[in-house]
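Here is a short briefing on one protein model. Look over the sequence and the fold before reading on.

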Amino acid sequence: MPLETTVIQDKLTDKFGDKVTGFVQQHDIFSFEVDSNSMNDVMRFLKEDETLRFNFLTDICGVHYPDFEKDRQLAVVYHMHNWMDNVRIRFKCFLNGDKPEVDTATNLFLGANWQERETYDFYGIIFKGHPQLKRILNMDEMESFPMRKEFPMEDGGRTDKDDRFFGRTTDNANNNLK
């Protein structure tokens, strides 16, 4: 009998209560939110429970929500896979934008090592207890985190990007390019 999303939700809410919320089915993946202080306990339960058996950590990534309240500006998204029942789940932990910290998952999945380093490198999320949290793709001297939405999309000083040249202005006087 395949693993149903209601079973996953019931087991998690029975064990963790309001530390797991927002259960929803999105694009064939069961998704929910986990309190960041409980992430490691929830992940361990998902992995070790004899019914759930989410034995593979597929991915860890970050998301920046600059318009959200300060306590929810950054998030870590975890994707796990139960190979026996071929079920995938996704859960998200929201973090404070000023001090984004969450426990490492390297104590549960060795593959989390590089995934957490990449997430740190691009979003500045600190994985507490990580064995060697340092930049993996960007230069060590870099002070910013390039995937955060903190910089303008285009260089305002570029003259070749003038909207008048592409007919994007509503002022007809500016459309006359002599």
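The model is predicted.

**Strand β5 and its partners**
- Strand β2 (residues 29–34) pairs with β5 in the parallel sense, over 4 bridges.
- In that pairing, F30 stands opposite I89 of β5.
- Strand β4 (residues 74–82) pairs with β5 in the antiparallel sense, over 9 bridges.
- Here H81 stands opposite R88 of β5.
- β4 and β5 form a hairpin with 4 residues between them.
- N86 lies in the turn and has a positive phi of about 55°.

**Helix α1**
- Helix α1 has 12 residues (5–16); at 1.5 Å a residue they should span 16 Å, and the end C-alpha atoms are 16 Å apart, which agrees.
- The buried residues of α1 are I8, L12 and F16.
- They cover an arc of only 25° around the axis, so they sit on the same side of α1.
- An α-helix has 3.6 residues a turn, so residues three or four places apart point the same way.
- G17 follows α1 and has a positive phi, near 60°.

**N113 in helix α3**
- N113 belongs to helix α3 (residues 112–123).
- Leaving out residues up to four places away in sequence, N113 touches T106, H130 and P131.
- N113 and H130 are 17 residues apart in sequence, and their C-alpha atoms are 7.3 Å apart in space.

Methods. Residues numbered from 1 in each chain as written. Predicted model: local features only at pLDDT ≥ 70, side-chain atom pairs only at ≥ 80, totals over all residues. Heavy atoms only, no water. Pairing = 2+ DSSP bridges. Helix = DSSP H or I, 4+ residues; strand = E, 2+ residues; numbered from the N terminus. Contact = heavy atoms within 4.5 Å. Expected span 1.5 Å × (residues − 1). Buried < 20%, exposed > 50% of the residue type's maximum accessible area, 1.4 Å probe, protein only. Arc of directions from axis to C-beta.
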